[in-house]
Amino acid sequence: MHYTRDEIINAVRAAGIVGAGGAGFPSYLKLQPPKGTVIETVIANGSECEPLLHTDKTLLRTKAHLVVDGVRLSMQAVGAKEGIIGIKGHYQDVVKAVTAALPKDGSIRVHQLENYYPAGDEFLLVYDIKKRIIPEGGLPLQVGVVVNNVLTLSQMAEAMNGKAVTERILTVTGAVEVPVVVSAPVGTSYRELLAAACGVVCDNPVVLDGGPMMGQIVPDLEAGITKATSGIVVLPEGHFVIDMKKISVQQMVKKSKAACCQCFRCSDLCPRNLLGHEIYPHKTMRTIDYNHADPAKHITSAFLCSQCGVCELAACDVMKLSPRKIFAAYRKELLARGVKNPHHEQPKEVRSNFEFSKLALPTLVKKIHLAEYAQREVVHKGQVETNKVRIVLNRHIGAPATPTVSLGQRVLLGDVIGATPQEKMGSIYHASIAGKVTDVSDKLVEITR
Ligand code: SF4
Ligand code: SF4
């Protein structure tokens with residue numbers, strides 16, 4: 001069926017779709033490139049490069065037709081002639097399932113990606129598929145491409161039938177009894193999802209929202225998952241990944257002065273550096289260690305860091321330092337001072353070591369001590385039911401949503417419960433179960449069945 005551009009954009013906005021891969025960027029905005037921008041290609045990001053996660057692969061195995069429909073809708077909205085679904089060639093069953101769902105006119109095809117981390121970083125994805133380098137601090141549309149996660153695209157297809165984002169598929173894995181992929185209402189508690197994996201099997205568990213590389217520690221297991229929760233990973237306290245996430249910036253600065261040997265390995269493996277961007281984590285470490293690098297350059301290069309964690313978990317695994325954390329702290333401080341990214345160069349070519357410095361996923365898994373979890377079978381379990389959801393209203397990029405319901409109000413599945421004002425960039429939130437509003441604040445709506 002053919003829809004107009006406005007019909008697609010309005011449906012995507014009304015459904016509350018945000019980037020499901022983790023960033024939470026409002027998807028209707030990606031469908032509205034600035035006037036004069038020519039978009040040639042829509043890329044569906046099915047690379048799922050975080051170790052241990054099987055969310056996107058399961059979606060592609062079971063709902064490839066929805067992803068293909070979403071690609072077609074995006075192509076219609078932005079006027080692109082070509083659609084490409086990026087999937088790791090390592091998963092041939094997924095490639096086959098998606099290939100079988102492609103339209104016969106040849107407008108959408110599968111591109112088989114290498115099995116490396118972070119193949120799903122859209123800068124690398126665009127280079128791997130189109131051989132175009134997105135400028136420093138830039139966007140895919142600057143090189144004629146729109147990138148969306150595969151779940152986001154399937155949600156777009158469902159939005160055309162009036163379905164809002166009320167549930168999401170995710171992996172629950174790590175130190176759990178049975179690693180699973182499940183679908184759950186947005187706002188289901190982490191605790192209930194761990195129960196869906198038959199519970200935790202280690203002492204002193206630490207729970208991550210997201211994968212081991214970029215996931216964040218969950219401070220409260222009663223909190224609810226968000227539209228951007230692609231996985232829940234449990235690791236024991238004291239695990240290398242957890243230790244690196246827990247160390248504070250202050251501890252890191254102190255440690256770095258004694259331990260950073262300026263070996264260059266963090267810069268050598270940094271994926272954004274490999275693309276030719278002027279980001280050199282080892283030089284930025286020098287700004288704190290010796291105070292004699294160029295602060296204007298090596299501090300503001302924090303704007304070029306994707307927070308992928310390669311420098312922290314893979315490059316500096318012996319000294320256990322974290323350029324990533326230093327970049328995050330610098331970026332926060334620069335933004336607080338009103339400093340904008342001054343780096344906008346577009347490299348003509350990638351670094352000469354681009355291909356052979358790619359971090360193979362099996363190597364990464366061993367390096368960060370996840371092999372015992374990676375080998376386990378992951379069961380596709382279906383739907384998780386819950387009697388209570390806690391839906392956070394600010395888990396997207398843009399202005400926060402404010403509640404549109406009041407305490408005690410009854411809501412039906414799919415009713416709007418919070419929204420960012422129409423004139424501002426943001427998102428809309430919907431009731432993910434039917435029930436009564438049992439708690440409401442400017443940040444959260446709780447619904448009990
Ligand atoms: S932070 Fe680590 S990897 Fe980077 S230069 Fe220092 S010691 Fe080497
Ligand atoms: S987290 Fe580290 S490796 Fe990743 S982009 Fe930032 S500096 Fe580079």
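These legends accompany several close-up views of a predicted model.

In this predicted model, local features need pLDDT of at least 70 and side-chain atom pairs count only at pLDDT 80 or more, while totals for chains, interfaces and linings use all residues. Residues are numbered from 1 along each chain as its sequence is written, chains are lettered from A and ligands numbered from 1 in the order in which they are written, and side-chain values use heavy atoms, with hydrogens and water left out.

View 1. The protein is divided into domain 1 (5–159), domain 2 (167–239 + 369–386), domain 3 (246–359) and domain 4 (395–449), with bounds from an automatic or database domain assignment. The C-alpha centres of domain 2 and domain 3 are 29 Å apart. Contact here (heavy atoms within 4.5 Å) involves 6 residues of domain 2 and 7 residues of domain 3. About 480 Å² is buried between domain 2 and domain 3, with carbon and sulfur atoms giving 63%; buried area is the accessible area (1.4 Å probe) that two parts lose on being put together, summed over both.

**View 2. The salt bridge of Glu237 and Lys246.** Their side chains meet at 2.9 Å, N to O. A salt bridge is a side-chain nitrogen of Lys or Arg within 4 Å of a carboxyl oxygen of Asp or Glu, and the count between domain 2 and domain 3 is 1. On the side of domain 2 that touches domain 3 there are 5 nonpolar, no polar and 1 charged residues. For these classes, Ala, Val, Leu, Ile, Met, Phe, Trp, Tyr, Cys and Pro are nonpolar, Asp, Glu, Lys and Arg are charged, and the others, Gly among them, are polar.

**View 3. The shell around ligand 1.** Look for Cys260, Cys261, Cys263, Cys266 and Cys316 among the surrounding residues, together with others including His282 and Met285; a residue is near a molecule if one of its heavy atoms lies within 4 Å of it. By class, the shell has 10 nonpolar, 2 polar and no charged residues.

**View 4. The shell around ligand 2.** Here 14 residues surround the ligand, the closest being Cys270, Cys305, Cys308, Gly309 and Cys311. Helix H11 (271–274), helix H14 (310–315) and helix H15 (323–336) each supply at least two residues of this shell; helices (H or I, at least four residues) and strands (E, at least two) are DSSP runs, numbered from the N terminus. The shell holds 9 nonpolar, 3 polar and 2 charged residues.

**View 5. A salt bridge between Asp128 and Lys358.** The side chains meet at 3.3 Å, N to O. This pair links distant parts of the chain, 230 residues apart: Asp128 is in helix H5, and Lys358 is in the loop between H15 and strand S11 (359–360).
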